[in-house]
Amino acid sequence: QVQLVESGGGLVQAGGSLRLSCAASEQTFSSLLMGWFRQAPGKEREFVATIRWRGGSTYYADSVKGRFTISRDNAKNTVYLQMDSLKPEDTAVYYCAASTITYYGSYYYSQQHQYNYWGQGTQVTVSS
């Protein structure tokens, strides 16, 4: 059982930066990928970024590419989301997710159903 705890959310002005953290409760050798999703008020939850634990390769949604960076610290069992050049439309609850499931044919997971563990979410608000 993997438990995920996000932190680092808050209020920031447009153009500013925040770094989210996601701490996993156990060794992540069982997790294949970690991801970040977000849900804005009145909208569906959407994919933001994902990283493979082994190798560290990454994949981003077009809306955040070039502004957000996902990374991981294996020793700390922690995944980060560095968010720069924030925009008001980045305002959302951000969720960390982990997948221990192999989906053959999918090297990166960008769909919610591909993740079987979720954190409780952390609010990010970007003011204009």
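## Strand E4 and its partners

In this predicted model, strands E4 and E5 pair in the antiparallel sense, over six bridges. Take Trp-36 as an example. Its bridge partner in E5 is Ala-49. The hairpin of E4 and E5 has six residues between the strands. Gly-42 in this hairpin takes a positive phi near 75 degrees.

E4 also pairs with E9. These two strands run antiparallel and are joined by seven bridges. Here Leu-33 has Ser-99 of E9 as its bridge partner.

## Buried or exposed?

How many of the seven residues of E4 are buried? The count is six, so E4 is mostly covered, with buried meaning under 20% relative accessible area.

## The nonpolar core

The largest nonpolar core has 36 residues. Those with the most contacts inside this core are Leu-4, Met-34, Trp-36, Leu-81, Met-83 and Tyr-94. Several strands give two or more residues to this core, among them E4 (33-39), E5 (46-52) and E9 (92-99). The others are E3 (18-24), E7 (68-73), E8 (78-83) and E11 (122-127). Which strand gives the most? E9 does, with five residues.

## A closer look at Met-34

What does Met-34 touch, leaving out residues up to four places away in sequence? The list includes Leu-4, Cys-22, Ile-70, Val-79 and Tyr-115. Met-34 also touches Ala-49, Thr-50, Ile-51 and Trp-53. Cys-96, Ala-97 and Ala-98 are on the list too.

Conventions
Residues numbered from 1 in each chain as written. Predicted model: local features only at pLDDT ≥ 70, side-chain atom pairs only at ≥ 80, totals over all residues. Heavy atoms only, no water. Core = buried A, V, L, I, M, F, W, Y, C linked by side-chain atoms within 4.5 Å. Buried < 20%, exposed > 50% of the residue type's maximum accessible area, 1.4 Å probe, protein only. Helix = DSSP H or I, 4+ residues; strand = E, 2+ residues; numbered from the N terminus. Contact = heavy atoms within 4.5 Å. Pairing = 2+ DSSP bridges.
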